[in-house]
Amino acid sequence: MEDILNEVRRLIESGEVTQARVAKEAGVSATALSQVLAGKYAADPAGIVERLSAWLAARSERAAALLPEMPGFVATPTAQRVLAALTYAQMAADVAVVYGAAGVGKTTAIAEYARTRPSVWVAVMTPGHAGVTAALEEVAFAVGLKDLPQSPARIHREIVSRVRGTGGVIVVDEAQHLVVAALDALRSIHDAAGVGLALVGNDLLYGRMTGGTRAAYLDRLFSRIGKRVSLRRATDADIEAVAKAAGGEAWGVVRDVGRQAGALRAVVKVLRLARMMAQAAGESLTAAHVQAARRDLEGV
């Protein structure tokens, strides 16, 4: 028991982990952990020590697995198109819409753009943000507002006041989850604040902005679109760039994975497992490892 506690103390004292992180990952109370480590826990600490032992074992397993480092952002041709659309939206204070297939690198390109540019605010939507108020709240949090008012109109006003004159761009990812009224509310922020707006999502997004009966609010929305980028699928050049960045080559099996659902995201997952398999066998990565990894992930 004392060996386990000593190891936990060593990790905390060395700065490898914080006591709060240990408590969270081990599933124990922070207060109880503190008392156990200090030798002041009044009850039997066996249950807590057991959890700490399991945490240490899991930590060792992760370290032994040596998960290969995979690429974050890869400057694929498709990623460059997304970056160009975001750059246009910000510099021209216009509306850009990027839509299409999943897994082609839209989200990673957004993250890279936000990392390398000033005054870029990214709001990621979910089905729970479909309505006007929830969507505005998410954008408000993205631009750094706290203690939001209850009224959608007042939230709108606060956002406009925050971003006006910044030369920035509001990027809304997964925007296909928003109803037309929420999209129109974002359009209104763009109009009032004079900042760029980039709406990013799947094909439903563009269909929602252009379909239906073309009522007045749809015309208002559609007429604001300055740049459209349609991403139908990952290109062979995209697949090759990601494969090489992930430590592989654009073998036939890799290209096949990249042309399926999940596209580049699936390529990274398959190559990660393939590299683990090759590493465990003490071999160089080959197409055979990739094929085995693909079968394993697909449950074949």
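Me: Where does H289 sit?
Reply: H289 is in helix 15, which spans residues 287-298. Keep in mind that this is a predicted model.

Me: Is H289 buried or exposed?
Reply: Buried: its relative accessibility is 10%, and the cut-off for buried is under 20%.

Me: What does the H289 side chain make a polar contact with?
Reply: With the side chain of E283, at 2.7 Å.

Me: And which residues does H289 touch, leaving out those up to four places away in sequence?
Reply: A274, M277, A278, E283 and S284. So E283 turns up both as a polar partner and in that contact list, and the 10% accessibility of H289 is why it counts as buried.

Me: What annotation does UniProt have for residues 223-297?
Reply: The UniProt entry, an unreviewed one, labels 223-297 "domain: B transposition protein C-terminal". In the model that stretch is 64% helix and 9% strand, with its end C-alpha atoms 44 Å apart.

Me: Which domains does the domain assignment give?
Reply: Domain 1 is 1-65, domain 2 is 77-231 and domain 3 is 236-298.

Me: How far apart are the C-alpha centres of domain 1 and domain 2?
Reply: 44 Å.

Me: Switching to R81. Which helix is it in?
Reply: R81 lies in helix 5, residues 77-92. R81 counts as partly exposed, at 41% relative accessibility.

Me: What does R81 touch, not counting residues up to four places away in sequence?
Reply: V229, S230 and L231.

Me: How far is R81 from K40 in space?
Reply: They're 60 Å apart, C-alpha to C-alpha, with a sequence separation of 41 residues.

Me: OK, sheet time. How many residues of strand 3 are buried?
Reply: Five of the five, so strand 3 is largely enclosed by the rest of the structure.

Me: Which residues are on which side of strand 3?
Reply: V169, V171 and D173 are on one side, while I170 and V172 are on the other, and both faces are covered.

Me: Why that every-other-residue pattern?
Reply: In a regular strand the side chains alternate between the two faces of the sheet.

Me: In what sense do strand 2 and strand 3 pair, parallel or antiparallel?
Reply: Parallel, over five bridges. V120 stands opposite V169 there.

Me: And how many bridges join strand 3 to strand 4?
Reply: Four, and those two strands run parallel as well. Strand 4 covers residues 196-201, and its G196 is the bridge partner of V169.

Me: Which side chain joins Q176 in a polar contact?
Reply: That of E174, at 2.7 Å. The Q176 side chain also reaches the backbone nitrogen of N202 at 3.3 Å.

Me: What does Q176 touch, leaving out residues up to four places away in sequence?
Reply: V200, G201, N202, L204, L205 and R208.

Me: What is N202 doing at the start of helix 10?
Reply: A side-chain oxygen of N202 reaches to within 2.9 Å of the backbone nitrogen of L204.

Me: Which residues of helix 10 are buried?
Reply: In helix 10 (residues 203-210), L205, Y206 and M209 are buried. They cover an arc of only 90 degrees around the axis, which puts them on the same side of helix 10.

Me: Why would that kind of spacing line up?
Reply: An α-helix has 3.6 residues a turn, so residues three or four places apart point the same way.

Methods: Residues numbered from 1 in each chain as written. Predicted model: local features only at pLDDT ≥ 70, side-chain atom pairs only at ≥ 80, totals over all residues. Heavy atoms only, no water. Buried < 20%, exposed > 50% of the residue type's maximum accessible area, 1.4 Å probe, protein only. Contact = heavy atoms within 4.5 Å. UniProt positions renumbered as here; feature names shortened; annotations may be inferred. Polar contact = N/O pair within 3.5 Å; in protein donor to acceptor, adjacent residues only side chain to side chain. Arc of directions from axis to C-beta. Domains from an automatic or database assignment. Pairing = 2+ DSSP bridges.
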